[in-house]
Amino acid sequence: NQNQLDLQQNPDFWATQLGNYQGNRYSQLDQINRDNVQDLRAQWQFSTGVLRGHEGGPLYVGDGRLYIHTPFPNKVFALDLEDEGRIVWSYEPDQDSRVIPVYCCDTVNRGLAYADGKLFLNQGDNTVIALDAESGELLWEAENGDHTEGETMTMSPLVVHDKVIVGNSGGEFGVRGHLTAYNVETGEMEWRGYSQGSDDEVLLDPETTTMLGEPIGEADLGISTWPEGEWERGGGAPWGWVTYDPELDLIYYGTGNPGTWNPEQRTIDGEPADNKWAITVFARDPNTGETKWVYQKVPFDEWDYDGVNENQLIDVEFEGEQRKGLAIIDRTGFGFLMDRESGELLVAEKFAPETNWADSYDLETGRPNVSEEFSTFRQGVDVNTTNICPTAMGAKNMQPSAYSPETGLLYAGINRICMNYEPFETEYVAGQPYVGATLTMMPAPTQEGDMEGRMGSFIAWDPVAGETVWEIDERFAVWSGALATAGDLAFYGTLEGYMKAVDIESGEELWRFKTPSGIIGNINTFQHEGKQYIGVLSGVGGWAGIGLAAGLEDPEEGLGAVSAFSALKDYTELGGILTVFALPDA
Ligand SMILES: O=C(O)c1cc(C(=O)O)c2c(n1)C(=O)C(=O)c1cc(C(=O)O)[nH]c1-2
C-alpha cells in the first residue's frame with residue numbers, strides 16, 4: 001500500500017504495529033538517547049476504561065492524534081496529542097459477550113492498522129471493520145468467522161496494496177486456520193488460504209510451491225498428513241504477525257498449533273504424522289494468496305509450540321554473501337535464520353539454553369532432533385511428562401521483537417519457564433475447548449549468576465551467529481513488545497508494570513518507570529512538532545496474566561499459566577492505561 005509505505009518512510013510516524021512492513025520495530029528518532037534518557041518523564045496518561053490484557057500499541061500517522069484500541073469490547077479512541085489525550089472521537093463495536101469464553105488466552109487485541117485515511121480492526125467476534133480515521137465513522141464490516149464454532153480474532157491486520165490481511169484464532173477450539181484478504185475500500189473478500197485441507201484451499205501448487213528450496217512434489221499433504229478427517233479441526237490459526245517484503249512482493253506469517261494438544265489423536269496408524277501445515281512459515285503472494293514457499297518448523301507438534309511468532313525481514317551477510325534474511329525468535333526456543341526469497345534454512349540455534357524437547361535442527365531436512373524423554377507422544381496418553389522446556393507458552397510468545405540495523409541484533413522479551421504435560425483423550429464439540437492436555441508450569445532451572453527463580457529475560461540475539469550477546473533476567477516472563485532506536489536504546493516492559501530503557505550495546509539499564517499495571521503491550525515511538533514521544537499501553541493479562549485477568553485460582557486453570565504466575569498479584573492489578581513519555585525540555 002503506497003500510503004502505508006510513504007508513512008513508514010517518515011521516521012516521525014509509527015504507522016503500523018510493527019513499525020514497518022519488515023517487522024523491525026526500529027525507529028530512526030534519536031532525540032531521546034542514551035545520554036538523556038534518565039530525564040524521560042510521563043507527560044500524561046489515559047485510562048481506557050477496560051480491565052483485561054492490553055496488547056499492541058498506539059499508532060501515529062502525522063495528524064496530531066494517537067489511535068488506540070482496547071481488548072474486548074474493542075473500543076477505539078482517537079486522542080489529541082497536543083491536548084494531553086483529549087478524546088477526539090471514540091468507537092465501540094456492538095459485540096455478543098458470548099465470545100468472551102471462546103478466547104483461549106484472554107480477550108486481547110494486538111492493535112489497529114491504518115491506510116488511506118482508514119483504520120482497520122479485528123473484533124473478537126470475527127468482524128473486520130474499517131473506520132474513517134478523521135471522524136470514527138464505520139465504513140464497512142466483513143464477517144471472517146463464527147465464534148459459535150470456536151473462532152475469534154486477536155491479531156493485528158496488515159494492509160498490503162489494496163488488501164487488509166487478517167488471520168483467525170481458535171487453535172484450542174479445533175478451528176481450521178485461515179489467512180484472508182479483504183478489499184481496503186469495500187470490505188469484499190479477495191482470497192482465503194487455509195492452513196490445511198486440499199492444495200486448492202491452501203492455495204499451493206505442489207509443482208511450484210517449494211519447501212527448503214525444492215518443490216513440495218506431493219499433492220494434498222494438508223489432508224494426507226492427518227488421520228481421517230482430523231485436518232478439519234486442525235488448528236494452524238495464524239493469530240500472530242504478518243510481515244511484508246515490498247521488493248519481493250511476498251507476505252510472511254506463521255500458523256499455530258495443530259488442533260488438539262493430545263498428539264496421539266493426530267497420529268496415522270499409531271505413528272507420528274506431520275499434520276501439515278500447522279506450525280509452518282508461509283510466504284504468499286499478497287495479490288492472489290498463492291504460496292511461494294513453506295517451512296514447517298515443528299512437524300507433529302507435541303507441546304503446543306504454535307509457529308506464529310513474527311518473521312523479521314532483515315538483510316544480512318551470511319558466510320560472506322548478502323542474503324535477504326528472515327529471522328525468527330521462535331516459540332520452540334530456537335532462533336531461526338532463513339533466506340526469505342528461497343525459503344532455505346540457514347541457522348537454527350537455541351536462544352534459551354534450557355530448551356530440551358529437541359537437541360538441535362537438521363538444516364538439510366529442516367526437522368528437529370526430538371528427545372524421546374520429552375516427547376509427550378512417546379511418553380504416552382495419561383502420562384505426565386515432566387520438566388519439558390520451554391512450556392506451551394514458548395521460550396518466546398507473540399510479543400514482537402525489535403531489530404537494529406546498526407547493531408545487527410534482535411531484541412526480545414523471552415520466557416524462562418518449563419512444564420509438565422499430560423495428554424488425555426478428548427472429543428471434538430464445535431465451540432468447546434479441544435485441548436486434550438493438562439499442564440503445570442514452573443521457572444526454568446538457573447545457572448550460576450542467574451537471578452534465582454527468574455521466569456523471563458530480555459535478550460540481544462545475533463541471528464547470523466545464532467548467539468545471545470547479552471541478557472537481562474526478569475522476575476516474570478517478558479510479555480511486551482520491544483523497541484530499538486537510533487538513540488542507542490532498547491525498550492521493553494515487564495509484567496510488574498515497569499517500562500525500562502537499556503543501552504542497546506551493553507544491555508545496561510539506564511531508566512525505568514513503573515506504570516499502573518503489567519505491560520503486555522508494545523512500546524512505540526513517534527515525533528510531533530519536533531518532540532519525540534514514547535507511548536505504551538499497560539494493562540496486565542494475555543496468557544501469562546490470565547489468572548488476574550479472568551480471576552482464576554486453580555493452578556491447572558488458564559492452560560497451566562495460573563500455577564506459574566500466581567505471584568503476579570503481589571505486584572500489579574488490572575487496568576488499561578496509555579502512558580505517553582517525552583523529555584521535559586524537548
Ligand atoms: O491457537 C490459537 O488460536 C491461539 C490464539 C491465541 C490468541 O489469539 O490470543 C493465543 C494462542 N493460541 C497461544 O497459543 C498463546 O500462547 C497465546 C498467548 C496469547 C496472549 O495474547 O498472551 N494469545 C495466545
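Okay, one definition before we start: when I say a surface patch here, I mean residues with over 30% relative accessible area and no salt bridge, where like charges are joined within 9 Å. And keep in mind that what you're looking at is a predicted model.

So, which residues form the negative patch? They're E141, E143, D146 and E149. Let's take D146 from that group. You'll find D146 in the loop that links β9, residues 138-143, with β10, residues 158-160. Its relative accessibility comes out at 32%, so D146 counts as partly exposed.

Now let's move over to strand β12, residues 178-183. How many of its residues are buried? 6 of the 6, so β12 is largely enclosed by the rest of the structure.

Who are the neighbours, then? Strand β11, residues 163-167, is joined to β12 by 5 bridges, and the two run antiparallel. β12 also has 5 bridges to strand β13, residues 189-194, and that pair is antiparallel too.

Looking towards β13, L179 stands opposite G193.

Last stop: the hairpin of β12 and β13. There are 5 residues between the strands, and in this hairpin G187 takes a positive phi near 80°.

Methods. Residues are numbered from 1 along each chain as its sequence is written. This is a predicted model: local features need pLDDT of at least 70, side-chain atom pairs count only at pLDDT 80 or more; totals for chains, interfaces and linings use all residues. Side-chain values use heavy atoms; hydrogens and water are left out. Patches are made of residues with over 30% relative accessible area and no salt bridge: like charges are joined within 9 Å, nonpolar side chains (Val, Leu, Ile, Met, Phe, Trp, Tyr) within 5 Å. Accessible areas come from the Shrake-Rupley method with a 1.4 Å probe; for residues, only the protein chains shown count as cover. A salt bridge is a side-chain nitrogen of Lys or Arg within 4 Å of a carboxyl oxygen of Asp or Glu. Lys and Arg count as positive and Asp and Glu as negative; His and the chain ends are not counted. The place of a charge is taken as NZ of Lys, CZ of Arg, CG of Asp or CD of Glu. Helices (H or I, at least four residues) and strands (E, at least two) are DSSP runs, numbered from the N terminus. Buried means under 20% relative accessible area, exposed over 50%, partly exposed in between (1.4 Å probe, protein chains only). Two strands pair if DSSP finds at least two bridges between them.
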